[in-house]
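Work through these exercises with the structure open beside you. Try each task before you read its solution.

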Amino acid sequence: MRSVNPAMKFLSLLAVTLILAYEYDLLLNLTVFAASVLLMLISKVRLRTLLLLMLPIILAAAGMFFTGYRFSAEGNMPVNAEIMNIGSSALLNGLTQASRVLAYAGIGFLFALTTDRIMLISSFRRQLHLPQVFAYGLLAAWGVFPHMVQEYKRTRAAFRARGLRVFPVSPALLKPLLVKSVRWSEELAVAMESKGFSGQAQRTELDPVRVRAGDIAFLLLSVGIPAALAFLI
């Protein structure tokens with residue numbers, strides 16, 4: 001998955017998302033979620049990282065289950081052993097709602113955890129014709145982010161050195177960070193202009209991201225398999 005063209009991967013997963021939005025089926029949702037998890041494990045995503053990310057998703061899925069169960073056609077509450085049977089439309093509605101949360105989260109994590117951000121911007125600029133101003137602006141923002149983290153840590157350390165306790169999202173911490181972020185962006189803009197950067201000029205790439213046969217095959221399989229399952233189900 002890490003070697004798949006990011007633009008093609010984006011289009012493929014977007015198509016799967018639209019199929020899930022159109023279809024309302026438990027088996028399809030679980031199949032997409034299981035396939036997403038399997039592809040992430042094959043792509044060597046750390047299991048611990050995946051489990052930590054899935055914790056809030058599981059809680060959201062549990063909430064959607066009880067919401068779908070309560071507001072189904074049967075409207076049964078509270079949940080008890082007598083009405084928790086596989087033939088219950090309320091149970092099926094709750095499970096389907098929960099599985100949709102898992103399926104969408106699986107698709108999102110699959111894209112986020114198996115995509116290199118530099119390749120992502122390069123492929124979007126080349127295959128999806130993203131304007132250069134936005135492309136280089138995003139790359140610059142990602143370059144500034146580590147400095148923002150360091151500045152945040154330094155500001156917290158300065159407050160602790162003075163014996164002051166502040167919340168992690170306190171305005172006293174965020175205001176200096178916001179001011180410095182504006183200054184960094186201005187300095188970066190001046191530096192790009194001084195180096196002759198122009199959003200309209202044609203630019204060459206050392207290692208351009210191309211669409212290969214495997215990327216097209218991934219797109220066809222990603223769209224074809226869920227569409228076939230939705231048709232058969």
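Two residues are in contact when heavy atoms of theirs lie within 4.5 Å. Keep in mind that this is a predicted model.

**Exercise 1. Helix H5 and its neighbours**

Task: Find which residues of H5 are buried, and which helices they pack against.

Solution. 
- Step 1. Apply the cut-off: buried means under 20% relative accessible area.
- Step 2. List the buried residues of H5: Leu120, Ile121, Ser122, Ser123, Phe124 and Arg125.
- Step 3. Look for their partners. The buried residues of H5 pack against H1, H4 and helix H6 (132-161).
- Step 4. Check the start of H5. There, a side-chain oxygen of Asp116 comes to within 3.1 Å of the backbone nitrogen of Ile118.

**Exercise 2. Two helix pairs**

Solution. 
- Step 1. Take H5 and H6. Their axes come within 10 Å and cross at roughly 175 degrees.
- Step 2. Name the residues in contact. H5 supplies Arg117, Ile118, Leu120, Ile121 and Arg125, while H6 supplies Gln132, Ala135, Leu138, Leu139 and Trp142. By class, this contact of H5 with H6 has seven nonpolar, one polar and two charged residues.
- Step 3. Turn to H1 and H8. The axes come within 9 Å and cross at roughly 5 degrees.

**Exercise 3. The largest nonpolar core**

Task: Find how many residues the largest nonpolar core has, and which helix gives the largest share.

Solution. 
- Step 1. Count the core: 33 residues. Leu20, Val32, Met54 and Ile57 have the most contacts inside it.
- Step 2. Name the contributors. Two or more residues come from each of H1, H2, H3, H4, H5 and H8.
- Step 3. Pick out the largest share. H4 gives 11 residues.
- Step 4. Follow Leu20. Beyond four places in sequence, Leu20 is in contact with Leu28, Asn29, Val32, Arg100, Ala103, Tyr104 and Ile107.
- Step 5. Recall the general pattern: in soluble globular proteins, nonpolar side chains tend to be buried together.

**Exercise 4. Positive phi**

Task: Find where Lys44 and His129 lie, and whether each is buried or exposed.

Solution. 
- Step 1. Start from the rule: most residues other than glycine have a negative phi.
- Step 2. Read the angles. Phi of Lys44 is near 65 degrees. His129 has a positive phi of about 60 degrees.
- Step 3. Locate both. Lys44 is in the loop between H2 and H3. His129 is in the loop between H5 and H6.
- Step 4. Judge accessibility. Lys44 is exposed, with a relative accessible area of 73%. His129 is exposed too, at 66%.

Note on methods: Residues are numbered from 1 along each chain as its sequence is written. This is a predicted model: local features need pLDDT of at least 70, side-chain atom pairs count only at pLDDT 80 or more; totals for chains, interfaces and linings use all residues. Side-chain values use heavy atoms; hydrogens and water are left out. A nonpolar core is a set of buried Ala, Val, Leu, Ile, Met, Phe, Trp, Tyr and Cys residues joined through side-chain atoms within 4.5 Å. Buried means under 20% relative accessible area, exposed over 50%, partly exposed in between (1.4 Å probe, protein chains only). Helices (H or I, at least four residues) and strands (E, at least two) are DSSP runs, numbered from the N terminus. Axes are lines fitted to C-alpha atoms, for helices over the stretch in contact, and angles run from 0 to 180 degrees between N-to-C directions. A polar contact is a pair of N or O atoms within 3.5 Å; within protein, one must be able to donate a hydrogen and the other to accept it, and residues adjacent in sequence count only if both atoms are side-chain atoms. Ala, Val, Leu, Ile, Met, Phe, Trp, Tyr, Cys and Pro count as nonpolar, Asp, Glu, Lys and Arg as charged, and the others, Gly among them, as polar.
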